[in-house]
Amino acid sequence: MKKIKETLDYINSITNGFKPEIAVILGSGLGSFCNNLKGYNIPYNDIPHFASSNVKGHKGELLFCKIEEKNCVIMQGRFHFYEGNSMQEATYPIKIFKQLGVNTLIITNAAGAVNKNLNMGDIILIKDHINFMGTNPLIGKNDDSMGERFPDMSNCYNKNLIEIAKNCAKNLDIDLKEGVYLATTGPSYETAAEINAFRILGADVVGMSSVPEAIVANWLKIKTMTLSLVTNFATGVSQNKLSHQEVIETGKKQGQKVSNLIKEIIKNI
Ligand code: HPA
């Protein structure tokens, strides 16, 4: 708790006690969401007890700002498990958001299409996940003041937020699809055999993030939704080799659509 207090004290000293109610985590290539948004920027490297993020395509700072009259905090880049962060380090910001007053979390990510009916640039509203990371961010002593030892996961992706997102997509004429996200640790992309197995298990998209954050948010009783942007076909779905550069470029190209949708959702929460 001392750690959390030190982090909160630092953030509050910069933001003058700004109280966000909505948090947004931006995935690979989606940084343009913050263009034209003004507020308090805080580099992760300045924040006590935050890990550091240095993956290409991520900025590595928090932005506290108003969007559609709502107080928000935007995470520009996340802490991945594959970077060597522990699960606790990767999800620490979610605990901070809760303490700052956040009650709604919008997670975004770049993902590979496992379902052969999906296309590059599709936006998938995640209705459930498969945690294939082989670990869980809640392992360890449970802090009962924050959440339950064995949290229920049946509404991890909040049904009310899912309805709002669907209506917003309709308003914007975005063909929003629904699907199941399967998380691996990475950093190697999957083999074709793994992708075939994941399809049989019920996965529509695959990625290397988001599930730890969603689990911790659910534990903290923060209403959560996840949007995946399909940046590539998963291994074996097309003949192309996968490259991180392709993921970033598709993210950048299609990012505006995701940005517009997030802003519309924030307006309607
Ligand atoms: N696999 C895993 N993670 C990803 C992918 C993928 O194909 N695309 C973007 N993130």
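Rings of Phe, Tyr and Trp, the last represented by its six-membered ring, are taken as a pair if their centres lie within 6.5 Å. The views below are all drawn from a predicted model.

**View 1. Aromatic cluster of Y44, F50, F79 and Y92.** Ring pairs join Y44, F50, F79 and Y92 into a cluster. By the rule given above, the count of aromatic pairs comes to seven.

**View 2. Edge-to-face pair of F18 and F64.** The ring centres of F18 and F64 are 6.1 Å apart and their planes stand at 80 degrees, and because planes over 60 degrees apart count as edge-to-face, the pair is assigned to that class. F18 belongs to the loop between α1 (2-15) and β1 (22-26), whereas F64 belongs to strand β3 (residues 61-67), so the pair ties together parts that are 46 residues apart in sequence. With a relative accessibility of 15%, F18 counts as buried, and F64, with a relative accessible area of 0%, is buried as well.

**View 3. Tilted pair of Y44 and F79.** Here the ring centres of Y44 and F79 are 4.9 Å apart and the planes are at 55 degrees, so the pair is tilted. Y44 is placed in the loop between β2 (39-43) and β3, and F79 in the loop between β4 (70-76) and α2 (87-100), so that this pair ties together parts that are 35 residues apart in sequence. Both Y44 and F79 are buried.

**View 4. Packing of helix α3 against helix α6.** Helix α3 (residues 159-171) packs with helix α6 (residues 244-268) at an angle of about 125 degrees, the two axes being 9 Å apart. The two helices α3 and α6 are therefore oblique to each other, and their crossing is right-handed. On the side of α3 the contact involves I164, A165, C168, A169 and N171, which meet L261, E264, I265 and N268 of α6. Of the residues in this contact of α3 with α6, six are nonpolar, two are polar and one is charged.

**View 5. Packing of α2 against helix α5.** The axes of α2 and helix α5 (residues 211-219) come within 9 Å and cross at roughly 50 degrees, which makes α2 oblique to α5. The crossing in which α2 passes α5 is right-handed. From α2 the contact takes in M87, T91, I94 and K95, and from α5 it takes in P212, E213, V216, A217 and W219. The residues of the contact of α2 with α5 comprise six nonpolar, one polar and two charged.

View 6. K70 has its place in strand β4 and, at 15% relative accessibility, counts as buried. When residues up to four places away in sequence are not counted, K70 touches E21, I22, C65, I266, K267, N268 and I269. One of these residues, I269, lies 199 residues from K70 along the chain, yet the C-alpha atoms of K70 and I269 are separated by 9.3 Å.

View 7. S259 is found in helix α6, where it is buried with a relative accessible area of 3%. Leaving aside residues up to four places away in sequence, S259 touches S32 and F33.

Conventions: Residues numbered from 1 in each chain as written. Predicted model: local features only at pLDDT ≥ 70, side-chain atom pairs only at ≥ 80, totals over all residues. Heavy atoms only, no water. Axes fitted to C-alpha atoms, helices over the stretch in contact; angles between N-to-C directions. Helix = DSSP H or I, 4+ residues; strand = E, 2+ residues; numbered from the N terminus. Parallel < 35°, antiparallel > 145°, perpendicular 65-115°, else oblique. Left-handed = near helix turned anticlockwise from the far one by under 90°. Contact = heavy atoms within 4.5 Å. Nonpolar A, V, L, I, M, F, W, Y, C, P; charged D, E, K, R; others polar. Phe/Tyr/Trp six-rings, centres within 6.5 Å; stacked < 30°, edge-to-face > 60°. Buried < 20%, exposed > 50% of the residue type's maximum accessible area, 1.4 Å probe, protein only.
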